[in-house]
Amino acid sequence: MNIASVPIAEIRRTRREDGEGSVQVQLDPSLKIDTAKVFAVYGKGGIGKSTTSSNLSVAFSKLGKRVLQIGCDPKHDSTFTLTKKLQPTVIDVLESVNFHAEELRVEDFVFEGYNGVMCVEAGGPPAGTGCGGYVVGQTVKLLKEHHLLEDTDVVIFDVLGDVVCGGFAAPLQHADRALIVTANDFDSIFAMNRIVQAIGAKAKNYDVRLGGVIANRSRDTDQIDKFNDRVGLKRMAHFPDLDVIRRSRLKKSTLFEMEDSPELRAVQLEYIELAEKLWAGTDPLAPESLKDREIFDLLGFD
């Protein structure tokens, strides 16, 4: 059964003032997550969002919080290091019961990972069909129907790549704070600028606000800091390009399970401190994105 042909009761496409001239995926109010702190993690494709999300989830769990991580990528590898294998997606299991959601059990789509982090892989629609917003909506609907969000303190959405459509911007409609993962290079910062625009559009009609920037896979942060100063962003954490981080992915492990070393303890502490900041609450940021030409000028390209 093709999900493109499935009636969408809880999500409908409608013209709104979310973005100038755009067609957005509107959130059904009944699907609002109001029992947990919700964070949506965005960034350029391949920048390390899943590694960041998974280790942040563990950091929250180390603080005694009940955590749910939702992967929003057709690769369904967001929770790979938490559960030690690729888990089936919500769309996979819905298709297996011909989209009769009432036939699903919790254990069909929710899996326990390291240190009790609960893991869900929303997945994505088949290539060229459907909408990522539908997938996110179905996932949250299932979680609500099974009352799983009532016992959760923190929800982390790990969202694929750059935000280029209303569908994959849908997690922003659920989030309290959006976090941007970026490296200290032009392409990553260019993508970050686009994400800033998307969050600004969603903030017009939803509660989501930008929480800050996470520098990842970068020895230096000078370009990130230059951009942040210009647009009104703040760097919340910095994770350098360390071999132990690369090896953790290969070993199907979070950083909290790797062999002890001084550099590893420093990274673990950075994640714990990031989780503490987010739990305590961050001031909402309202940055002003740049035009494409302005980014080239700012970062020294002719």
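Axes here are lines fitted to C-alpha atoms, for helices over the stretch in contact, and angles run from 0 to 180 degrees between N-to-C directions. Helices (H or I, at least four residues) and strands (E, at least two) are DSSP runs, numbered from the N terminus. This is a predicted model, where local features need pLDDT of at least 70, side-chain atom pairs count only at pLDDT 80 or more, and totals for chains, interfaces and linings use all residues. Residues are numbered from 1 along each chain as its sequence is written, and side-chain values use heavy atoms, leaving out hydrogens and water.

**View 1. Helix α5 packs with helix α6.** Residues 186-203 make up α5 and residues 222-231 make up α6; their axes sit 10 Å apart at an angle of about 25 degrees. The two are therefore roughly parallel (angles under 35 degrees).

**View 2. A closer look at the residues between α5 and α6.** From α5, I189, M192 and N193 meet Q223, I224, F227 and N228 of α6. Sorted by type, this contact has four nonpolar residues, three polar and no charged (Ala, Val, Leu, Ile, Met, Phe, Trp, Tyr, Cys and Pro count as nonpolar, Asp, Glu, Lys and Arg as charged, and the others, Gly among them, as polar).

**View 3. Eight strands make an open, mixed sheet.** Their order is β5-β6-β4-β7-β3-β8-β9-β10, where strands pair if DSSP finds at least two bridges between them. At the edges are β5 (111-112) and β10 (235-239), each pairing on one side only. Zooming in, β8 (residues 177-182) and β9 (residues 209-216) run parallel, joined by six bridges; I180 has V213 in β9 as its bridge partner.

Technical notes:
Parallel < 35°, antiparallel > 145°, perpendicular 65-115°, else oblique. Contact = heavy atoms within 4.5 Å.
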